[in-house]
Amino acid sequence: MASDSSPVPVPATTGTVTTAVPARLDRLPWSRWHWMIVIGLGTVWILDGLEVTIVGNVAGRLAEEGSGLDITAAQVTGVAAALYVAGACSGALFFGRLTDRYGRKRLFMVTLVVYLGATAMTALSFESWWFFLFRFLTGFGIGGEYAAINSAIDELIPSLYRGRVDLIINGSYWLGAIGGALLSVVMLDTDVFPKNLGWRLSFALGVVLGLVVLLVRRHVPESPRWQFIHGRSQDAEELVTSVEHRIEREKGERLPPPAGEITVHQRRSIGFGLIARTVFVRYPRRAFLGLSLFIGQAFLYNAITFGFGTILTTFFDVPTGNTGYYFAVIAAGNFLGPLLLGKLFDTLGRRIMISSTYLLAGVLLFGTAWLFDRGSLTATTMTACWCVVLFFASAGASSAYLTVSEVFPMETRAMAIAFFYALGTAAGGISGPLIFADLTASGVVGDTALAFRIGAALMCAAGFVAAFLAVKAERRSLEDIAEPLSVAKAAPADSR
């Protein structure tokens with residue numbers, strides 16, 4: 001396989017090149033090579049789910065005397081959660097810019113190392129400020145992962161499968177959530193581990209799993225789409241040729257000819273000014289769509305994910321050591337959503353599936369809030385309601401990442417993902433945990449029901465926006481959905 005990380009500096013402009021690389025990648029049948037991409041890049045979402053779930057479930061234990069930290073449950077689910085999300089927003093913007101400039105592979109290796117180091121330091125927390133600091137830095141690494149990995153996934157996966165693969169990979173977060181929930185049951189059992197050790201070992205396990213992912217990820221190549229635009233067209237051609245030969249040997253048949261070529265002016269990087277003009281002037285409707293989808297899902301998920309354990313202990317008297325069982329159930333519902341609905345995003349289409357999953361999640365959440373406010377729910381029925389709500393919400397939330405990663409030009413892809421993730425998550429993901437922790441801490445049922453209704457309203461609003469503005473991107477090449485800025489001809493105006 002061709003080298004995909006040359007240390008030789010690439011000049012800012014290296015000429016014009018005509019290539020069939022995008023069409024060659026899109027016409028590939030599914031193969032073991034694609035599974036390697038999915039495993040190498042998608043598994044980090046499992047780690048993210050593990051991280052967030054562990055924090056949500058150990059909040060009560062950390063607040064208990066003898067945990068080794070002087071911290072309250074509200075600080076864990078509120079301040080620490082908000083700092084984690086703030087770190088993720090900052091990391092997305094910081095690493096997103098570097099991803100577009102220096103390549104997908106370099107950055108998805110760096111961001112994973114940042115995550116691993118910060119998680120290890122979290123396990124060693126001895127004061128609340130230390131815990132807060134490394135929650136921020138853990139989020140900083142995870143935010144960079146979102147930008148680098150979603151860019152790489154969309155650019156390496158064939159257009160026929162892009163929607164379902166992207167949704168399932170983003171939905172794999174919930175496999176980590178299931179693991180984190182069940183792990184917390186064992187780690188919080190004081191018959192197995194002391195109060196000041198179990199929660200530390202939970203974070204340490206995340207480091208071990210991350211090291212395994214790091215080893216697998218070494219074999220994931222650079223994006224050929226990024227290579228041919230950034231002056232490394234020969235590397236891109238050699239990489240795609242080697243993949244084609246590998247797949248032909250695996251399938252035992254010749255591949256069909258590619259559908260067409262594209263001619264681009266190669267360059268090293270694009271300034272912030274051009275990126276901003278592209279996103280907000282050339283594609284204003286897509287920008288509004290991306291913000292709506294991210295704000296809706298960010299408030300719902302960041303508020304509830306960090307606070308679900310506290311709801312169970314506060315309103316249903318569930319012991320802190322048992323909250324993991326309940327969370328594992330709703331996590332399973334979350335994963336099944338993208339898994340079972342993902343194919344429909346490629347067949348029925350983006351618009352109908354994005355809008356319907358958001359609207360269904362919002363309406364069902366309004367119903368859950370009404371039942372909770374009336375006192376009609378138990379810990380078990382509350383969990384069942386959330387499981388159904390999040391079955392649809394998870395598919396919708398994953399489609400937000402899919403949308404912003406495929407509807408803007410390639411040169412701006414990582415930065416666009418970073419921007420919408422950061423802005424949407426800052427609006428819903430930082431304010432969400434803070435508001436929700438305060439409402440839950442009051443111990444008043446009506447306050448928590450109000451938080452449910454806010455999340456439901458935002459999900460419904462995003463669903464209505466998607467019904468009118470979602471882009472019909474199913475089974476289309478990325479270059480057809482949004483023409484590269486470097487293409488060697490005048491770019492068209494904003495299109496649907």
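Student: Is aspartate 373 buried, exposed or partly exposed, and how do you know that?

Tutor: In this predicted model, aspartate 373 has a relative accessible area of 38%. Buried requires under 20% and exposed over 50%, so aspartate 373, at 38%, is partly exposed.

Student: What makes aspartate 373 and arginine 453 a salt bridge?

Tutor: Their closest N and O atoms are 3.1 Å apart. The limit is 4 Å, so the pair counts as a salt bridge. Aspartate 373 belongs to helix 14 (residues 350-373) and arginine 453 to helix 17 (residues 445-469), so the bridge ties together parts 80 residues apart in sequence. Arginine 453 is partly exposed, at 30% relative accessibility.

Student: Which residues do salt bridges with shared partners join into one network?

Tutor: That network consists of Arg162, Arg164, Asp346, Arg350 and Glu406. In total, the structure holds 18 salt bridges.

Student: Why is the pair of glutamate 155 and arginine 413 called a salt bridge?

Tutor: Their side chains meet with an N to O distance of 2.7 Å. Because the cut-off is 4 Å, the pair qualifies. Glutamate 155 lies in helix 5 and arginine 413 in helix 16 (residues 413-441), so parts that are 258 residues apart in sequence are tied together.

Student: Are glutamate 155 and arginine 413 buried or exposed?

Tutor: Glutamate 155 has a relative accessible area of 0%, and arginine 413 has 1% relative accessibility. Buried means under 20%, so both residues are buried.

Student: What does the salt bridge between aspartate 26 and arginine 225 tie together?

Tutor: The N to O distance in this salt bridge is 3.2 Å. Aspartate 26 is in helix 1 (residues 21-26) and arginine 225 in helix 9 (residues 224-229), so the pair ties together parts 199 residues apart in sequence. Aspartate 26 is buried, at 14% relative accessible area, and arginine 225 is buried as well, at 0%.

Student: Why is cysteine 385 called buried?

Tutor: Its relative accessibility is 19%. Since the limit is under 20%, cysteine 385 counts as buried. Cysteine 460, with a relative accessible area of 11%, is buried too.

Student: How many disulfides does the structure hold?

Tutor: The number is 0.

Student: Which residues touch the most other members of the largest nonpolar core?

Tutor: They are Phe316, Trp386 and Phe420, in a core of 128 residues. Helix 15 (residues 379-406) gives the largest share of this core, 15 residues. A second, separate core has 17 residues, including Ile54, Leu62, Ile71 and Met187.

Definitions and conventions. Residues are numbered from 1 along each chain as its sequence is written. This is a predicted model: local features need pLDDT of at least 70, side-chain atom pairs count only at pLDDT 80 or more; totals for chains, interfaces and linings use all residues. Side-chain values use heavy atoms; hydrogens and water are left out. A disulfide is a pair of cysteine sulfur atoms within 2.5 Å. Buried means under 20% relative accessible area, exposed over 50%, partly exposed in between (1.4 Å probe, protein chains only). Helices (H or I, at least four residues) and strands (E, at least two) are DSSP runs, numbered from the N terminus. A nonpolar core is a set of buried Ala, Val, Leu, Ile, Met, Phe, Trp, Tyr and Cys residues joined through side-chain atoms within 4.5 Å.
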